[in-house]
Amino acid sequence: NSPDDARRELDSMVINIELTLVSIIQGVALFFLTDSARALLSMQHADAFVYIAAGLCVIFIFWSRSVIHTLTLIRWPLDFGHNFFYLAGALGAAVLFSRLDNPRAWFRLSAAYSAVVWLLFIYDMRLIRARIAESHDDSAAALYARARSDQLLNIRVLVPLLVFFNLACAVATWRWPHLFIARGGHLWLISTQILLFIGYLIYTGRYFSAIAPLVLRSRRSA
């Protein structure tokens, strides 16, 4: 085999490993969400429906972003640090989903989970820089330039917004428990969080639609 054929074979192997890891991680997260949801719904905990919906959004976002990341950036060699962040995210999601019935803990853990995701976006900039350095044609350069813009938008605006929103909600539920806990004001907070998640999912869908032709062209020219 030529060196190019060997590289393509290794790239394919690494992509399969990445997709398998993402599937396992999200399966674990979904198990914990399902288990907690079943326990709460059996007790007729009405507030649980909103938190379950938020938990599903967390899984949808992590899965969709991971798949997009794999299709655009993952190549040989395997990056252990990147995958260790995925495992840390799985742990964070599992712990988060165990607090569906505790608004204070939910928002504190949501802030911590969002911070881990923020660090993951920052860490993965090195992968984008590596892909840009390796690109030898216009289609790949255009794809990685678009990926870099998206990554910087997440690092500078979108993920920090989510981190600080969750911190603000955690402070609100701690500072004014009579309003946000006793009177059910936390439902407004979690509803706002779900709207933010839905907005981010819409953005992610549009981003993938925009880069899909670039991914195809870069693969053809590889």
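The following legends describe close-up views of a predicted model. Local features require pLDDT of at least 70 and side-chain atom pairs pLDDT 80 or more, whereas totals for chains, interfaces and linings use all residues. Residues are numbered from 1 along each chain as its sequence is written, and side-chain values use heavy atoms, with hydrogens and water left out.

View 1. R65 belongs to helix α2 (residues 48-73); helices are DSSP runs of H or I with at least four residues, numbered from the N terminus. With 13% relative accessibility, R65 counts as buried (under 20% relative accessible area; exposed is over 50%, partly exposed in between; 1.4 Å probe, protein chains only). Not counting residues up to four places away in sequence, R65 touches F121, D150, N154, Y200, Y203, T204 and Y207 (contact: heavy atoms within 4.5 Å). Ring pairs link Y200, Y203 and Y207 into a cluster.

**View 2. The peptide bond from W76 to P77.** This bond is cis, with omega near 5°. P77 is located in the loop between α2 and α3 (80-97). Most peptide bonds are trans.

**View 3. Aromatic pairs.** The structure holds eight aromatic pairs (Phe, Tyr or six-membered Trp ring centres within 6.5 Å; planes under 30 degrees apart are stacked, over 60 edge-to-face, the rest tilted). F31 and F32 form an edge-to-face pair, at 5.5 Å centre to centre and 80° between the planes. F31 is exposed at 51% relative accessibility, while F32 is partly exposed at 35%.

**View 4. The pair of W118 and F164.** W118 and F164 pair edge-to-face, at 6.3 Å centre to centre with 80° between the planes. Because W118 lies in helix α4 (residues 103-123) and F164 in helix α6 (residues 138-175), the pair ties together parts 46 residues apart in sequence. W118 is partly exposed, with a relative accessible area of 23%.

Definitions and conventions
Helix = DSSP H or I, 4+ residues; strand = E, 2+ residues; numbered from the N terminus.
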